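My entries follow the order in which I looked.

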Amino acid sequence: MGKRGGKKFNRGGRGGGGGGRTNWSEITRSNEKLERYYNELGIVPEEEKEEFWAAIRRDLPNSFRFTGSRGHALAVQERLKQFYIPEITSIKYEGEFVEPPRPVEWYPDQLAWAMTTPKQVIRRFAPFSSFQKFLVAETEVGNISRQEVVSMIPPLLIDAHPGMTVLDMCAAPGSKSAQLMELLHAGEEDTILDAAQKVREGAAGEEPLGPEGLNDDGRTTGLLICNDSDYKRAHMLIHQMKRLSSPNLIVTNHDATMYPSIKLPPAPSAEGKPQMNRYLKFDRILADVPCSGDGTPRKNVSVWKDWNPANALGLYVTQARILVRALQMLKVGGRVVYSTCSLNPIENEAVIASAIERCGGSANVKILDCSKELPGLKRAPGMRDWKVMDREGRIWNSWKDVEEHKEKEGIDGLARIAKGMFAPESDVDLPLDRCMRVYPHHQDTGGFFITVLEKTQEIRAKPENVSDVIPKASVAALADELDSRKKSNSEPYQKLNSLDDLVAPDQEAAKEAAKNATVAEATHQPPYSTTLDAPQPGSPSKRAADDFESEIPAKKTKLENGEELLLGDRPIHKPAPAVETVETTETSGSNTPAQSAPLALEKPVKKKVHQEDPYKYLDPNHEELQPIYSFYELSERFPRDRFMVRNVEGNPTRTVYYTSSLARDILIQNEGSGMKFVHCGVKMFVKQDAQRENVCRWRIQTDGLRIIEPWVGSSRSVTLTKRETLRKLLVEMFPKVNDDGWKSLGEIGEQVKDIPMGCSILRVEPTGKEDGLTERMVLPLWRSLHSLNLMLPKEDRRAMLLRIFNDDTPLVNATQKKGNESPAVAAPVESTAAAEDQALKVENEQLGEVEQEHTDTRETYTKAGGEEDRFNTTV
Ligand SMILES: C[S@@+](CC[C@H](N)C(=O)[O-])C[C@H]1O[C@@H](n2cnc3c(N)ncnc32)[C@H](O)[C@@H]1O
């Protein structure tokens, strides 16, 4: 078949050159096996086939989303409507007027937008440059997320609210995690302000204020744990999530198929009774699992080249294990959303059916009917019957057919096919049509699969039945088999037609049994042999189901090296070594090398063990905290027991982080347990080399400002109401305050003239007047002896200038060059102050550098690029 589909763009790569990358324009947008399989399955009705294939061959439209939990994201949305849409409608591309972005019909509050012009054109075609700048600037500061439209669906169906505990099992690079986090923080900005106001007015009692889920004086009490098994990708996720500055986030780095149980502080016990361990269970879990990504060829053109049926066959087991583990960790009444960007029923309906079967059937796990949710979203029902394509492209109607073939012809080419990949038998009435399939031609998007499950009763998952899987070949098995077939040492090996023919199923069975044992341990389950038997009187399985997962008597064991570990809460991991990144050498293969001696090469494998800095909480009465509370006149209502540092000694040396109380309890309870926490905490205070005595050296970092600002006293805050004043502070990096410089600072001049040196906050209040601003903002300010500095990274300054003033003139750093000096700086400086000036200049530059460094680190991950596509994410 020849090239088909729309115009193709060469993604040479941002770094230039694009060395080694696939040239997209050379990829043929067709794949014989893929098309034959999906046509044979009839994944779309006959009359839609042509439209379906035409759409999936076209380039993907561009889409983005505004950050819903932030008040001023609405101002950004307004800017799009008022300014950029009229500008875009006047652009002609290839002789035609360009279609402007339009709100996605089914996304609430017009927060998601899509436009037919592809991303690559917007990036490269000059007339789009100001719109592109706007998108980049607002993405950098977290007001916009570039995300594929279909990828926005799962978090909308999960029904998460503030106060819930949520787990995103396969989260990187984090588009859906960001949506989940926004749901947990919904309404928080207003409730915090209300609570702080009540406290100031003396109208608050001792009890924390706020509605359900936000009843921590207006702050959300919820928690989002984002996990990814790939360490590097977990860091891409952290980079994305940091833009939202949430103290309610923990990032972990584990294999989701055996995600460890997370310990909570023990519940108080009646006197004399042993304390029971408690484990975290989740209200909501997203399992956006690794998949073959065959719904994404509009974005990942290489899918056309790389698709083969073996991909789905290899992924099914992992996907089903992840979903089973999700259901185990879910509260009764909780929801799991399972999603893939694949259209293959083996990765979708088959996984749903298998996981429900392993969890005891539809009495325990319900597929929810979401047909009334997201009105306007076109979708097709899940499939109730399908066929399986083997790695050689043969299509099988049923497991029975596969078994019959195996009996007669052996397992040649059938490797990895499992009974569970086929539709459930007719006596199992599972409403798989409640699963949702979104196809590219429905609303000009990528392809996607989503299912919402509800756990209705506690479950005890059955093991995978290894006799229902055609095993794959292994080198060890091959060696054994070859040796056994060799009649004498002098005879040559027999010719073999297929590796698969050589594998004795029981070897695979043994491996699977071992894996099951580990999973059982990870999930607090007694060995399967016990769980499958009738419960013994007084055995854990007799207890109320919820108790079993959440309360396990603490039992300790000693390792060979004398370390004590808790048993029963997760597989035993050794505590991580106390050095930075270390490389350990392990030998590959089994620990019984003699058995596989003939062919197994004992090749040393270098394995990187990433060591995270520890998380140490400060004593609420720590000597560094009191001066901070006094300097900022911080309300005593702001919790003192959630400040954390990241060094072994637990001393506040450079940065103090803030976390929610649940995040703190989890970090403390699971310290040294082998749980791999790779991120938690929002930077709240950063130590600054101030040049004066009596200046608090801990400045408030922008990341934490939103959280602490309502609790800061009036003597450390400056109020601004006029547009021009803000513009001046954004453009000029260090406007002069002394020697009458304050007079040029307009309405805030009088306030900043006498404000004590050090960090303050700038409150931008809307007035509704013509020279006023429309959005409320809070920004960090630094008053030095002679000047003032809005402590914002340059990117944030530029984004705000562009958004509020449509101004992209260069920023002025008054301390850097003579030519750039503002009139205030040019004023004569008394000689006695000259040395001081120099010191302050250094101080100011340091401040700028710290903020800049913060932004640059964020950019490093963005620039790493190319990573997103490796797992066919729908970002
Ligand atoms: C489809 S992507 C997730 C996309 C993500 N939810 C988003 O919206 O940005 C699948 C992710 O699963 C991760 N992954 C693969 N196998 C895993 C496993 N066994 N456990 C946890 N994560 C896994 C991959 O590293 C990849 O980042």
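The entries below go from helix contacts to a sheet and then to single residues.

**Ground rules.** I am working with a predicted model, in which local features need pLDDT of at least 70 and side-chain atom pairs count only at pLDDT 80 or more, while totals for chains, interfaces and linings use all residues. Residues are numbered from 1 along each chain as its sequence is written, and side-chain values use heavy atoms, with hydrogens and water left out.

**Helices α11 and α12.** I took helices (H or I, at least four residues) and strands (E, at least two) as DSSP runs, numbered from the N terminus. I looked up helix α11 (residues 309–329) against helix α12 (residues 349–358), and found that their axes come within 9 Å and cross at roughly 45°. The axes are lines fitted to C-alpha atoms, for helices over the stretch in contact, and the angles run from 0 to 180 degrees between N-to-C directions. That angle makes α11 oblique to α12, where under 35 degrees counts as roughly parallel, over 145 as roughly antiparallel, 65 to 115 as roughly perpendicular and the rest as oblique. On the side of α11 I noted Y316, Q319, A320, R321, L323, V324 and L327, and on the side of α12 A350, V351, I352, S354, A355 and R358, with contact meaning heavy atoms within 4.5 Å. These contact residues divide into nine nonpolar, two polar and two charged; Ala, Val, Leu, Ile, Met, Phe, Trp, Tyr, Cys and Pro count as nonpolar, Asp, Glu, Lys and Arg as charged, and the others, Gly among them, as polar.

**Burial of α12.** I then asked how many residues of α12 are buried. Nine of the ten are, so α12 is largely enclosed by the rest of the structure; buried means under 20% relative accessible area, exposed over 50%, and partly exposed in between (1.4 Å probe, protein chains only). Among the buried residues I listed E349, I356 and R358. After α12 comes G360, which has a positive phi near 100°.

**Helices α1 and α2.** Helix α1 (residues 32–41) packs with helix α2 (residues 49–57) at an angle of about 145°, with the axes 12 Å apart. L34, E35, Y38 and N39 in α1 meet K49, W53 and R57 in α2, and by class I recorded three nonpolar, one polar and three charged residues.

**A four-stranded sheet.** I found an open sheet of four strands in the order β31-β32-β33-β34, with mixed pairing; two strands pair if DSSP finds at least two bridges between them. Its edge strands are β31 (717–720) and β34 (788–790), each pairing on one side only. Strand β32 (residues 758–764) runs antiparallel to strand β33 (residues 777–783), and seven bridges join the two. I761 stands opposite P780 in β33.

**Single residues.** A cis peptide bond, with omega about 5°, joins A172 and P173, and P173 lies in the loop between β7 (165–168) and α7 (175–184). S245, which is not a glycine, has a positive phi near 45°, and its relative accessible area of 12% makes S245 buried. D739 also is not a glycine and has a positive phi, of about 45°, but at 42% relative accessibility D739 counts as partly exposed. I placed D739 in the loop between α22 (723–731) and α23 (749–753).
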